[in-house]
Amino acid sequence: EILWRLTRAARDVAQMEDTPKEKRKELTYEALECIRKATELAPNNFACQKWSGIVLSDVGDYEGMKAKILNAYVIRDHFVKAIDLNPTDATSKHLLGLWCFTFADMPWYQHKAAAALFASPPSSTYEEALEFLSRPKKRSPISTAIIT
């Protein structure tokens, strides 16, 4: 419980505008190390799964498009597992919706680059994205503004 909260705190500071660029990168990798430990200790904690996907996505900003594409399935799987573990968490559903939208909206040249890395590159549809993005409002009592 404490480790995923430390992960969130490190990421929150990394996302602040006044945090220097090098410190952002350091905090992002610190968050990754922390959430890996948390997920190893508590693989059935939905928050660990959710924050694993979030932080792994952030790391892609520093490692480039190839790393982002290689991690895409892992990120999706973390969000799916978080939803399986806590079906009422609106944030996990929203994040999976954003993941779906990102791949539905991927330009053709990025799709070709992804195809070079995978036999079957990550893909999704706008309909899948809409389904997950609208689910929080329909089925979850938790406000989408609250992030656990």
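This is a predicted model: local features need pLDDT of at least 70, side-chain atom pairs count only at pLDDT 80 or more; totals for chains, interfaces and linings use all residues.
Two packed helices are described by the angle between their axes and the distance between the axes. Helix 1, residues 2–15, and helix 2, residues 21–41, have axes 8 Å apart and pack at an angle of about 165°. Angles over 145 degrees count as roughly antiparallel, and helix 1 and helix 2 are therefore roughly antiparallel to each other. Their crossing is left-handed. On the side of helix 1, the contact is made by Leu3, Trp4, Leu6, Thr7, Ala10, Arg11, Val13 and Ala14. These meet Arg24, Leu27, Thr28, Glu30, Ala31, Cys34, Ile35, Lys37, Ala38 and Leu41 in helix 2. By class, the residues of this contact divide into 12 nonpolar, 2 polar and 4 charged.

With helix 4, the axes come within 9 Å and cross at roughly 35°. The crossing of helix 3 and helix 4 is left-handed. Helix 3 contributes Phe46, Lys50, Ile54, Ala72, Ile75, Arg76, Phe79, Val80, Ala82 and Ile83 to the contact, while helix 4 contributes Thr91, Ser92, Lys93, Leu95, Leu96, Trp99 and Phe103. The contact of helix 3 with helix 4 has 12 nonpolar, 2 polar and 3 charged residues.

The other partner is helix 5, residues 108–117, whose axis comes within 10 Å of that of helix 3 and crosses it at roughly 65°. Angles of 65 to 115 degrees count as roughly perpendicular, so helix 3 is roughly perpendicular to helix 5. This crossing is right-handed. Met65, Lys66, Ile69 and Leu70 in helix 3 meet Gln110, Ala114 and Leu117 in helix 5. Sorted by class, the contact of helix 3 with helix 5 has 5 nonpolar, 1 polar and 1 charged residues.

The remaining topic is empty space. Rolling a probe the size of a water molecule over the atoms shows where empty space is left. In this model the largest pocket has a volume of about 570 Å³. It is lined by 23 residues, and the closest to its centre are Ser57, Ile75, Phe79, Trp99 and Thr102. Ile75 and Phe79 of helix 3, and Trp99 of helix 4, also belong to the contact between those two helices. Which helices each supply at least two residues of the lining? They are helix 3, spanning 46–85, and helix 4, spanning 90–104. The largest share, 11 residues, comes from helix 3. By class, the lining of the largest pocket divides into 13 nonpolar, 6 polar and 4 charged residues.

Notes: Residues are numbered from 1 along each chain as its sequence is written. Side-chain values use heavy atoms; hydrogens and water are left out. On a 1 Å grid over the protein atoms alone, a cavity is a set of points where a 1.4 Å probe fits but cannot get out, and a pocket is an open set with protein on both sides within 12 Å along at least five of seven lines; lining residues have an atom within 4 Å of a point. Grid points are joined across faces, edges and corners, and a volume is the space filled by probe spheres set on the points. Helices (H or I, at least four residues) and strands (E, at least two) are DSSP runs, numbered from the N terminus. Ala, Val, Leu, Ile, Met, Phe, Trp, Tyr, Cys and Pro count as nonpolar, Asp, Glu, Lys and Arg as charged, and the others, Gly among them, as polar. Axes are lines fitted to C-alpha atoms, for helices over the stretch in contact, and angles run from 0 to 180 degrees between N-to-C directions. Angles under 35 degrees count as roughly parallel, over 145 as roughly antiparallel, 65 to 115 as roughly perpendicular and the rest as oblique. A crossing is left-handed if the near helix is turned anticlockwise from the far one by less than a right angle, and right-handed if clockwise. Contact means heavy atoms within 4.5 Å.
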